[in-house]
Structures are given as structure tokens and as C-alpha cells.
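Good morning, everyone, and thank you for making the time. Please have a look at the model on the screen first, and then I will walk you through it.

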Amino acid sequence: MIERKQGKIVTVNSLMGIFSAPLSSGYCASKHALRGFFNGLRTELATYPGILVSNIFPGPVQSNIVKNALTNDATQTLCNVGDQSYKMATSRCVRLILISMANDLKEVWIADQPFLSVAYLWQYTPTWAMWLTNKLGKKRIENFKNGLDADSYFKIRKTKHD
């Protein structure tokens with residue numbers, strides 16, 4: 001890319017690279033590290049304006065990852081992955097990622113509400129966001145300890161965007 005003086009480096013991160021949630025500390029740490037690394041790389045490549053470094057931060061997306069991620073045994077799957085209707089459809093997320101790539105955007109947050117609002121809170125009012133996260137985090141931990149979907153307190157009416 002440096003020899004050609006052009007190219008695109010696109011990383012698909014997570015909103016957890018903007019803020020953090022209990023029960024996801026390791027995941028959040030890795031996503032914060034990605035944000036720092038690629039923001040640093042963008043600065044290092046500033047003398048090459050034809051090389052774009054883009055960080056894309058999707059919020060919750062419907063997938064089967066939780067089914068396999070929350071078990072102690074890699075050969076077992078989680079029986080109850082909970083309701084995923086509050087998460088963005090994968091096809092919509094992909095479409096928005098492609099649009100952001102086509103428009104050479106450097107940082108993109110892709111999420112439905114309330115997740116997008118939480119990212120803005122963390123970006124612009126971190127003290128208030130910490131207070132709110134501590135309140136919601138207690139419920140998330142309580143649900144997990146009771147064998148429920150940790151995020152089952154999300155009862156959001158969604159409009160279909162597909």
C-alpha cells in the first residue's frame with residue numbers, strides 16, 4: 001500500500017471498543033486495544049493520504065456467537081441464548097458497513113437505540129455514562145447469576161429495517 005500510495009484498511013471492531021459492560025471485560029479490553037492500535041496506525045500513515053484506515057464499531061448484531069461463547073466446554077452449546085430481537089439484523093449491519101467503506105469514513109458507529117446513545121454518552125459524558133453503566137451492570141450480572149440471558153432486560157420495540 002505504501003509503495004502504491006493507496007489502499008484501505010478496514011477493521012470491524014465493536015461498540016464495546018467505545019464503552020464497556022460487565023461480564024465482558026476481556027472482550028472489551030481487546031476491542032479498546034484495537035481502537036487504539038488502528039487510530040495510531042492512521043496517524044502513522046498520515047503522510048499517505050491515499051491510504052484509509054477505517055474503524056467500524058457495530059453494536060449488538062443477531063448471530064450464534066453467544067451460543068458457543070458462554071459455555072465452559074467447547075464441545076457443548078448453550079441451550080438458551082435468549083431473545084435476540086433487540087439486536088440489529090446481520091444483513092442491515094453488513095449493508096451499513098459496505099456503505100461506510102464506499103464513502104471512506106474513518107470511524108463509524110453502527111447500532112440501534114439505546115446502544116448508539118450509550119456510545120455517545122461514553123464519548124461525551126463519561127462520568128454520567130459510568131453511573132448509568134453501574135446501574136444497568138448490576139441487573140446484567142444478576143440476570144447472568146440467575147441463569148437468564150444477561151441482557152434480557154432489553155424489551156425494545158424494533159422497527160424492521162431490512
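Predicted model: local features only at pLDDT ≥ 70, side-chain atom pairs only at ≥ 80, totals over all residues.

**The sheet and what surrounds it**

Let me start with the open sheet, whose 3 strands follow the order S1-S2-S3 with parallel pairing, where strands are DSSP runs of E with at least two residues, helices are runs of H or I with at least four, both numbered from the N terminus, and two strands pair if DSSP finds at least two bridges between them. At the edges stand strand S1 (7-12) and strand S3 (107-110), and because each has a single partner strand, one side of each is left without a neighbour in the sheet. Neighbouring strands here are turned by 20° against each other on average, direction ignored, with axes being lines fitted to C-alpha atoms, for helices over the stretch in contact, and angles running from 0 to 180 degrees between N-to-C directions.

Residues are numbered from 1 along each chain as its sequence is written, and side-chain values use heavy atoms, with hydrogens and water left out.

Strand S2 (residues 51-58) pairs with S3 in the parallel sense over 4 bridges, and Phe 57 has Trp 109 in S3 as its bridge partner. Helix H1 lies across S1, S2 and S3, and runs at about 160° to S2. In the chain as a whole there are 5 helices and 3 strands, and from the N terminus on the elements run β-α-β-α-α-β-α-α.

Lys 31 is buried yet has no salt bridge, and the nearest side chain of opposite charge, Glu 107, is 14 Å away; buried means under 20% relative accessible area, exposed over 50%, partly exposed in between, with a 1.4 Å probe and protein chains only, a salt bridge is a side-chain nitrogen of Lys or Arg within 4 Å of a carboxyl oxygen of Asp or Glu, and Lys and Arg count as positive, Asp and Glu as negative, with His and the chain ends not counted.

Finally, Asp 151 sits in the segment after helix H5 (126-145) and counts as buried, because its relative accessibility is 15%. Not counting residues up to four places away in sequence, Asp 151 touches Tyr 86 and Arg 140.

How values were computed. Contact = heavy atoms within 4.5 Å.
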